[in-house]
Amino acid sequence: MKKPITIKKIIVTILYIFFFVFFVGTIVFPFFWQFLNSFKTQRDLFSIPLNFWPTEFTLDNYREVFSKQPFLDYIINSFVIAGISTIFSIVIGAMASYSISRTRIKFKKIYLLILLSITLLPPITIVNPVYMLIKNLNLLNTFWGLALVNTILTLPTSVWFLSGFFETIPVELEESAMIDGATVFQSFYKIIIPLVSPAVFTVSILVFIASWNQYLFAQILNPLRIRRTITVGITLYQTDHVIPWGTLSAASIIVTVPLIILVLILQKKIISGLLDGGVKG
Amino acid sequence: MKYKMNKREKMGYIFLLPSIVLMLAFIIYPVINTVYLSFFNYRIQTLSMGKTFVGLNNYRMAFNDPNFLDAISFTLIFTVVAVTLETIIGVMFALIMNKKMPGQGIIRTAVLIPWAIPTIISGLMWKFMYSEQYGVINYIFQKLMIIQEPIPWLSDAFLAGVATIIADVWKTTPYMSLLILSGLQTIPQNLYEASSIDGATKRQQFFKITLPLLKPVLSVAILFRVIATFRIYDLVAALTNGGPANATQSLTLYTIRTYFNFGNIGYGSTLATITLLISLLISLLFLKSLRAKLEKV
Amino acid sequence: MKKLGIFLLFIMLVTGLFGQQVVLNYYYNAIDRSIIELFEAQNPDIKINLVEMPENTNQKLQLIQTILFAKDSSMDLFDADVTWAPIFSSAGWVAPLSKHFSDIELDAYLPGPLNSVTYNDEIWGIPYRTDAGILYYRKDLLEKYNKPVPETWEELVETSKYIMVREPGMKGLSGSWAQFEGLTCNLMEIVWSYGGEVLDENGKVIINSKETLEALKMMDDMISKHRIMPDGIVNFYSGDARAVFFAGNSVFLRDWPTGWLNSQNPSVSKIVGKVGISDLPKGDPMGRSYSTLGGWQVMVSEYSKNKEAAIRFAKFRAGLQAQKIGAVNLSHIPALKSLYSDLDVLAKMPFIQDMYPAFYSAYPRPKSPYYAEISNILQTETQMMFVGRKTPERALRDMEFQIKMLLGQF
């Protein structure tokens, strides 16, 4: 028996449509606006009053993004650094999580407390000492220096999520493997890792995005053009005199579109990962 | 059996080693260093004289420093308002996303996008939108006849704060709503069904079932959001650079200026330490939920 | 095989002898690359690596301070703003340069820029471009309403009001009054022109005077009483200020000379051919007009491992050839006297001949190792006044108090 279409249902549907448009609209509008602006000429961008729609389309802004700065290099740098940070974070985080959830360590509580304090720590507190340290290790303006810092900053996330998942894996699986002669390391590698790949995936996304968006340390540790990241590079189009909105719009589209596509493709997985981790963690 | 345990424990410690090394080098030592320096008068300008121990003087100076007091009051008010808004709106959105509606995929994707982009970029985007000369927000409002004169979003002390809050809420509410959604999904449906049968209204269901069961997830989410918002930097740097008249100078922004623009390392360390202490204080307030989280692991 | 070996050895020796190339990392502000090419051609043993800095001056300061504080040797030379010499020299982070210059060489530079790199009787940098605030005005509007170029700020206000009433949508004066260094520049020009000053020759704080108060009141009135400032002036950076003027919406603009070229560029300016420039107005009619001295200089890091080569390059970079290229190609105002009668330079920037007195007598901002903080205090308190949180009197008192505290003059 089909339920009758009541007025209430119609109102709810209309309200829902309003909500949908408003919600998605407010979120998406700034990007839409950037997108539009990226194709506008200087005239349109700086006209008073505003020209909402471009009177003519141009690709100049996009050309300027790459001609005014080696933006492609920045993209590669950001990508490599985020990638390395992710790998470090997963490996070190997984090792730590395994240790915490599987073994009886004496100072577990202290370790976790310090880990938690990393999330509570204002980055400003460690900026100068960290700069000195990275400089003394000769890792300024490299992939590795910034990657190390990203790793420690995202370690709490990594450990929270991964240890939550480790809990769900029954100890018996490992024990049976070890009875079969595997070492602890082998049981870690062959059994645990494959089982936690959903968690690894979620953590990878979180760490990658956090590293990609890193600004403060990227600014301080990689100031030279050769290893500069996108977040720092994009602020360098501005001068003391003018903010080149056209170039900035184009640059931000270049940065955000791949992220948007990534999110679109992996949306289901990300959300399910977050939801599961959010509950357990 | 005992042999196995020892080997396990050994492995356990070894596995912890890399993270411990990182923590010592990048967290523990720097924090100690900063706190240590906070008790000294140490400036670039007087570098040749080295550091002079001044005890608690820097701290005393801070509490008499109008810039610090302004920064801290702005940051606190900003944090409270922004996080409250994010939570309320986040809960609303989470409730709606929880229902199986058409377009759910699109909503969930849209929700992730502001979170995925760098804060710097969102700051620059909003800065352009708020511009009194070229801003699209005033343009739309004027077209819709909501206002006559352009709103001085970034040149009025109060409005600049409002503008920053809006930009921050835009960026972080989506992620917040996801976290809350995860909490909602742990609430068993039969609770609602049972209470419906008993005649409970939606309102009663929300306040008596949803909220209480949501509490653990909410407290942790709110805690982390409060801590993160409290140290806001990227957004204000991009959007207002602390202006006008320091109206939007967050504590971190002021600390960075003190450190890197004025070259006052000692006082900068003091400000950084105070920021740390306040963060710790806030965490203490949420201690119960923190403990619960720690216990789980 | 033996022959090959000897040949390889020979190659290694040769490249070893001549391949000892020194690489200098130059953290630059703005430069024409042909200057680098020219230098490298004349000095094959030195290679210059250009390192870009953030465009925002404050961020530049941040970056350089971090590097120098860490005694990092990866930066050999850097461009410094005109107010930074005391900051870096008092920290011992830059190399003293006077022994590398003869008196004749030094005399070739304009006195203002040279003064700005001198601190404690030593030279810490070499100026390669200078700047001075000037007044831009709408020739056509002043002609139309038969108004002379204003000589005092009062006149400027009156003329603005007169024209604003008759031209709808027009504003009087545009300038960079946002909370950044530009505000200090605009502010000090007005303060000095009324007879006020921040520090005396001995570094004592003398800012709280009735002259300074008059200047502050004038700025405040321009916004709230006379209403001749554009909306959002409190957030105007140089670009915003220019935009209003170039769109034809203000009678006057206070800007640096670099605005001139753009004002004649039809793709960004609607007022091509209608622009005149002049000295800034005075406060005290019996006094003089003051322009804030701006500009950039090259400094050599004390931690550079190649100081000798760096100094060689610094001299070149701030030398005659390079400054001429900068003037012709990038519209950098020269810091060397002789270039003001150079035909090629004048062809590009004809106005600098008339404005030479202004550049010659451009006035420096307070010289202090604590300048960054002093400037910040000036900016903040002025802005507090602008947004109505403080009266001019209160703002001035607070300026005095904070600067005195900072300099330990209590």
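This is a predicted model: local features need pLDDT of at least 70, side-chain atom pairs count only at pLDDT 80 or more; totals for chains, interfaces and linings use all residues.
Between chain A and chain C the count of salt bridges is 0, and the count of residue pairs in polar contact, with both residues at pLDDT 80 or more, is 1. On the chain A side, two elements each give two or more residues, namely helix 6 (127–136) and helix 11 (216–221), and of these helix 6 of chain A gives the most, with 4 residues. If we sort that side of chain A by class, we find 9 nonpolar, 6 polar and 5 charged residues. Together chain A and chain C bury about 2,100 Å², with carbon and sulfur atoms accounting for 51% of it.

Now let us turn to the inside of chain C, where the domain assignment gives domain 1 (21–131 + 294–360) and domain 2 (134–290 + 370–407). Their contact takes 12 residues from domain 1 of chain C and 11 residues from domain 2 of chain C. The area buried between these two domains of chain C is about 1,100 Å², and 77% of it comes from carbon and sulfur atoms. Which three residues supply more than any others of the area that domain 1 of chain C buries against domain 2 of chain C? They are D131(C), F351(C) and M355(C), which supply 43% of that area. Finally, the count of salt bridges between the two domains of chain C is 0.

Conventions. Residues are numbered from 1 along each chain as its sequence is written. Chains are lettered from A and ligands numbered from 1 in the order in which they are written. Side-chain values use heavy atoms; hydrogens and water are left out. Domain bounds come from an automatic or database domain assignment. Contact means heavy atoms within 4.5 Å. Buried area is the accessible area (1.4 Å probe) that two parts lose on being put together, summed over both. A salt bridge is a side-chain nitrogen of Lys or Arg within 4 Å of a carboxyl oxygen of Asp or Glu. A polar contact is a pair of N or O atoms within 3.5 Å; within protein, one must be able to donate a hydrogen and the other to accept it, and residues adjacent in sequence count only if both atoms are side-chain atoms. Ala, Val, Leu, Ile, Met, Phe, Trp, Tyr, Cys and Pro count as nonpolar, Asp, Glu, Lys and Arg as charged, and the others, Gly among them, as polar.
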